[in-house]
Amino acid sequence: MLVTQASTTSPPIPHAFLPHQHQVLYRNLGSAGRLKWLNKERRCIKKVGPSTITAKFELKPPPYPLNALEPIMSQETLEYHWGKHHRAYVENLNKQIAGTDLEEMSLENVLVTSYHKGDIIPAFNNAAQVWNHDFFWESMKPGGGGGPSGDLLKLIERDFGSFEKFLDEFKTAAATQFGSGWAWLAYKETRLDVGNAINPAPSDEDKKLVVVKSPNAVNPLVWGYYPLLTIDVWEHAYYLDYQNRRADYISVFMDKLVSWEAVSLRLEQAKAQVEEKEREDERRRQEEEKFTTSEATEEVYLDSDVDADAE
Ligand SMILES: [Fe+2]
């Protein structure tokens, strides 16, 4: 029997995420097609024995006791799901990254770097599953459910038509994810992920809420989205309580477990990060413009000097 976490009165702190920083990583990886550190990683794994593996990432407990979601999600489910499955992802990830360059990165950067634009390397599945489960526990709270309010509700109504239509879309995504995976509500920028693309000027209408589903460990961070809410639809998430009735599990998750406060806070964080990214882009654009103008001016002076010498 696993030890149940001590009760806490502090509110859950939604998982932080920084999708825009990953673009920098991609740019630094070059265009060779394979990451430079792959060979180094293999070398290091050969050198490092089990006794030298350090625990870089830790198993983070849910922000409530393991019996706090009963009767909707049982303590037994949490003991297996968090205490065994989530724990195994953390332990396996630490073994995989020991002695590699990934060991120096944040969990988010391990996840996106090892995804490698779909040509994944082994650490990805464990890194993503650690992140996904931290995010999943923090997506729920005892006495959750109901509905969103404020800006979140306004965006849901703008982008889905109504909260009821959003619920239908989210439940359908979760129910129709074939096999293991996840369904997500995410905040998406409409930015073109194409080299040399000229992106349109950003506007409020560009930034939309979307519902997406993903197979196995895949997380919308790898597409540059900002995750806001997720439901785990791997069988280990619901089989002890609902057996094969995934639809019942999804319905009760939305009705009784979702922490809309956490989702709202994540939306605010996402919007703030997008605004900061836009300010950075604008600063960079102005600097490039200034540099181009000064270069052109310099050329004019040089041409004038040549003309004067010729006379
Ligand atoms: Fe899970």
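Modeller: The model is a predicted one. S162 is found in the loop between α6 (150–160) and α7 (163–176). Its relative accessibility is 18%, and S162 therefore counts as buried, the limit being under 20%. When neighbours within four places in sequence are left aside, S162 is in contact with I156 and E157.

The metal site itself holds an iron ion, coordinated by H81 through NE2, H133 through NE2, D232 through OD and H236 through NE2, at 1.9 to 2.1 Å. The angles that these four donor atoms subtend around the iron ion run from 89 to 131°, and the arrangement is therefore tetrahedral. The criterion behind this step is that all angles between four donors lie between 85 and 135 degrees. Along the chain, the donors of the iron ion follow the spacing H-x51-H-x98-D-x3-H. Distant parts of the chain are linked in this way: H81 lies in helix α3 (residues 75–97) and D232 in strand β3 (residues 226–232), and the pair is 151 residues apart.

H81 is found in helix α3, and because its relative accessibility is 0%, it counts as buried. D232 is buried as well. Not counting residues up to four places away in sequence, H81 touches H86, H133, F136, W137, D232, H236 and A237. Among these contacts of H81 are H133, D232 and H236, each of which also coordinates the iron ion.

G181, which has D232 among its contacts, has its place in strand β1 (residues 181–188). With a relative accessible area of 0%, G181 is buried. Beyond its neighbours within four places in sequence, G181 is in contact with S214, P215, N216, I231, D232, V233 and W234. The C-alpha atoms of G181 and N219, which are 38 residues apart along the chain, are separated by 9.4 Å.

The helix that carries H81 also takes part in a helix pair. The axes of α3 and helix α5 (residues 123–138) come within 8 Å and cross at roughly 140°, and this crossing is left-handed. From α3 the contact involves L78, H81, W82, H86, Y89, V90, N92, L93, Q96 and I97, which meet A123, N126, A127, Q129, V130, H133, D134, F136 and W137 in α5. By class, the residues of this contact of α3 with α5 are 11 nonpolar, seven polar and one charged.

α7 and helix α9 (residues 246–256) pack at an angle of about 140°, with their axes 10 Å apart, and their crossing is right-handed. F166, L167, F170, K171, A174 and A175 in α7 meet R246, I250, S251 and M254 in α9. The residues of this contact divide into seven nonpolar, one polar and two charged.

The peptide bond from E70 to P71 is cis, with omega near 5°, and P71 lies in the loop between α2 (37–47) and α3. K117, in the loop between α4 (107–115) and α5, has a phi near 55°, a positive value in a residue other than glycine. Since its relative accessibility is 59%, K117 counts as exposed. Q243 lies in the loop between α8 (239–242) and α9, and its phi, near 50°, is likewise positive in a residue other than glycine. At 34% relative accessibility, Q243 counts as partly exposed.

The chain has 10 helices and three strands, and from the N terminus on its elements run α-α-α-α-α-α-α-β-β-β-α-α-α. Of the 311 residues in the chain, 45% are buried. Among contacts between residues at least 6 apart in sequence, 80% join residues at least 24 apart.

Conventions. Residues numbered from 1 in each chain as written. Predicted model: local features only at pLDDT ≥ 70, side-chain atom pairs only at ≥ 80, totals over all residues. Heavy atoms only, no water. Donors = N, O, S within 2.8 Å, 3.2 Å for Na, K, Ca; no water. Tetrahedral: all angles 85-135°; square planar, octahedral: opposite > 155°, others 65-115°. Helix = DSSP H or I, 4+ residues; strand = E, 2+ residues; numbered from the N terminus. Buried < 20%, exposed > 50% of the residue type's maximum accessible area, 1.4 Å probe, protein only. Contact = heavy atoms within 4.5 Å. Axes fitted to C-alpha atoms, helices over the stretch in contact; angles between N-to-C directions. Left-handed = near helix turned anticlockwise from the far one by under 90°. Nonpolar A, V, L, I, M, F, W, Y, C, P; charged D, E, K, R; others polar.
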